[in-house]
Number of protein chains: 2
Amino acid sequence: MKIKRKKTRIIKIGNKKIGGNFPILVQSMTNTPTSNFEKTIKQIKSLEKAGCEIVRVGVPDLKSAKNISKIKKQIKIPLVADIHFSAELAIESIEQGADKIRINPGNFPKNQLKEIVGRAKKRKIPIRIGINSGSLEKDLLIKHNQVTPEMMVKSALRNIKLMEDLNFYELVISLKAPDALRTISAYKMLSLKTNYPLHLGITEAGTEVSGTIKSAVGIGHLLLGGIGDTIRVSLSADPVKEIRVGWEILKSLEIREKGAKIVSCPTCARSEINVIELSQKIEQITEEMETPIKIAIMGCIVNGLGEAKEADLAIVGIKKAALIFKKGKVLKKIPPKKALGELRKELALKKIKKKSGNRKINN
Amino acid sequence: MKIKRKKTRIIKIGNKKIGGNFPILVQSMTNTPTSNFEKTIKQIKSLEKAGCEIVRVGVPDLKSAKNISKIKKQIKIPLVADIHFSAELAIESIEQGADKIRINPGNFPKNQLKEIVGRAKKRKIPIRIGINSGSLEKDLLIKHNQVTPEMMVKSALRNIKLMEDLNFYELVISLKAPDALRTISAYKMLSLKTNYPLHLGITEAGTEVSGTIKSAVGIGHLLLGGIGDTIRVSLSADPVKEIRVGWEILKSLEIREKGAKIVSCPTCARSEINVIELSQKIEQITEEMETPIKIAIMGCIVNGLGEAKEADLAIVGIKKAALIFKKGKVLKKIPPKKALGELRKELALKKIKKKSGNRKINN
């Protein structure tokens, strides 16, 4: 199965490019007050370590905007300033060196929008139009009880036009609803009508478990349809978890690779080794690994031999023992309690690269 | 967006029916030794409580098979016996009252398969053909390095023919690979070639987080395509978690409803209430609720008012206070620290039905 990715306009965000054939990037947003420089820097550094490739910060006040240049100095990834309603904060964020701003152009009077766009042009930064079903324009809402995907697309196209009328084309668009179905419909519709890169996300997706599932279903389906240039998983949780989930979605579709890809059985009455414990420990050990490696942890030989054959490293339970496989071949037979130690030894032999792998891009 | 579900053959499994317009059921499998009656019963009861609708148990030995009738007496949901290679265990499981067995017909000599099928016919139980990329027939494997979806489909069709040659048509088919892409391709191909109900799953999907994501992406995509009559999420974790994830996948696509559907923001610099803590607590409180209810927990009014309008119950942070909404209308303004108590009070007013809701089935 090949994903046929839609080639969108290429947009530069700080030291990264998105759209076209460029990798689909994993984003997150801080939940610290941006006015608190120390807390925000600390969180962004954790996000970078987890694999965050673009970070967004809320800018609700002037102190937050003023912090941007200071924050920028200490981080490596592009920074996006999220602004609502205030042209002053948008302009200050741009002047402070934000690599992108996210606004809803329709929220600003014409003269203010012109000023914002002028500054963005001068600084050569793009703007994301962030349509959200929870904050649609009033005139679109009046006729309906519920926000429809059609209304979201209408709002997006209207906002795009406001920008194009000012000869501004360095745009990224998002169209988020808090449920997978509306989000999917809206992005699919818009993707047919515009060539700007799309930032994917289910907004306010919910708690760690339900939000992860909603996002995986929704973002995963769109990516399979070739839609999406950056992704953000929204969770009511530590944003580091958003990055982890974002990467797992991309890995699950073999769009990008990073660190360990674990195949492990759910264990059943046939299991000869402690798969649950082993797989959890292996996951912990490999958490910060960058080099792609496929590891299989299988309780018995029924499916174990087949999986071991396809993995870089594998352990398979047999009668009161365990087999370690390397590149599909048996390396040794060991007592089950030595399994973790053996796997750890084999993993230590792997060189850990500093840069995350970027698998073939699907065109 | 409407899901156009494929109408498959209707199959009876104990007191449940699958296929056609019947609800897509959530399954799991025990990981206790089935020979240990107490442990197995205890686990199945937890699974039932979590919303498990069909349970599978591994039958690797005669003691496990002999336990089936005893187990059946204490549980309410249909029980499926999972058997590999041994006709004796398959026959014993059927005689002990298993509501379905799962085998790979090609693993048995013709005369033994005939005997198994004869017993299944007599007891009027269906058989699942469980194709798994890790245990494909040797002759299919010889020509290739990696198991392809085409090979899996070929294996399925060959196994179906073995059963149809014995005039047995009460079949359910699964086609699991440990990755989303091959699994999706295989099911899509097979769905075009057969009308038997399909049991969906990514096999050996991995640990709690990565396995959840792989399953949500893969199963979610197939369900969106109208494919699938039962689902099982495989996790190297407590099987109760598999049920939770299975339900969340169905809920995320509005295929079925059960208990709380939480919309909660990821919090940002603008948040006025502790969304992470509140949403986690609400999730815990509502865990065993059956009546569908949509709850929004939003840090600020930017998207909060829109989400509150669409929810049954909502809390939205405003300047140093919180608004409680009921059915889209403001109920009261309270100090943020009273939020949990107020939500709890409102939830207690909701009658908790015993049966899980089954939303409209999409045809």
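A search of the whole structure, over all chains, finds zero aromatic pairs, and it should be kept in mind that this is a predicted model. Rings do take part in another arrangement, however, in which a charge sits over a ring: in chain A, Lys70(A) lies over the face of Phe37(A), at 4.4 Å from the ring centre. In a second case, the charged end of Lys258(A) is placed over the ring of Trp247(A), 5.5 Å from the centre of that ring.

We now turn to the contact between the chains. Chain A contributes 76 residues to this contact, and chain B contributes 76 residues. Between them an area of about 6,200 Å² is buried, and carbon and sulfur atoms give 60% of it. On the side of chain B, Met1(B), Leu181(B) and Glu204(B) together supply 11% of the area that this chain buries against chain A, which is more than any other three residues supply.

What holds for the charged and polar groups here? Four salt bridges are counted between chain B and chain A, and in one salt bridge the side chain of Arg270(B) meets that of Asp82(A), with 3.1 Å from N to O. Across the same interface, 27 residue pairs are in polar contact.

Several elements of chain B each supply at least two residues to the side that touches chain A, among them helix H7 (180–193), helix H9 (239–252) and strand S11 (260–264), while H8(B) gives the most, with 10 residues. Sorted by class, this side of chain B has 30 nonpolar, 28 polar and 18 charged residues.

Methods: Residues are numbered from 1 along each chain as its sequence is written. Chains are lettered from A and ligands numbered from 1 in the order in which they are written. This is a predicted model: local features need pLDDT of at least 70, side-chain atom pairs count only at pLDDT 80 or more; totals for chains, interfaces and linings use all residues. Side-chain values use heavy atoms; hydrogens and water are left out. Rings of Phe, Tyr and Trp (its six-membered ring) pair if their centres lie within 6.5 Å; planes under 30 degrees apart count as stacked, over 60 as edge-to-face and the rest as tilted. A charge sits over a ring if NZ of Lys or CZ of Arg is within 6 Å of the ring centre and within 35 degrees of the ring normal. Contact means heavy atoms within 4.5 Å. Buried area is the accessible area (1.4 Å probe) that two parts lose on being put together, summed over both. A polar contact is a pair of N or O atoms within 3.5 Å; within protein, one must be able to donate a hydrogen and the other to accept it, and residues adjacent in sequence count only if both atoms are side-chain atoms. Helices (H or I, at least four residues) and strands (E, at least two) are DSSP runs, numbered from the N terminus. Ala, Val, Leu, Ile, Met, Phe, Trp, Tyr, Cys and Pro count as nonpolar, Asp, Glu, Lys and Arg as charged, and the others, Gly among them, as polar.
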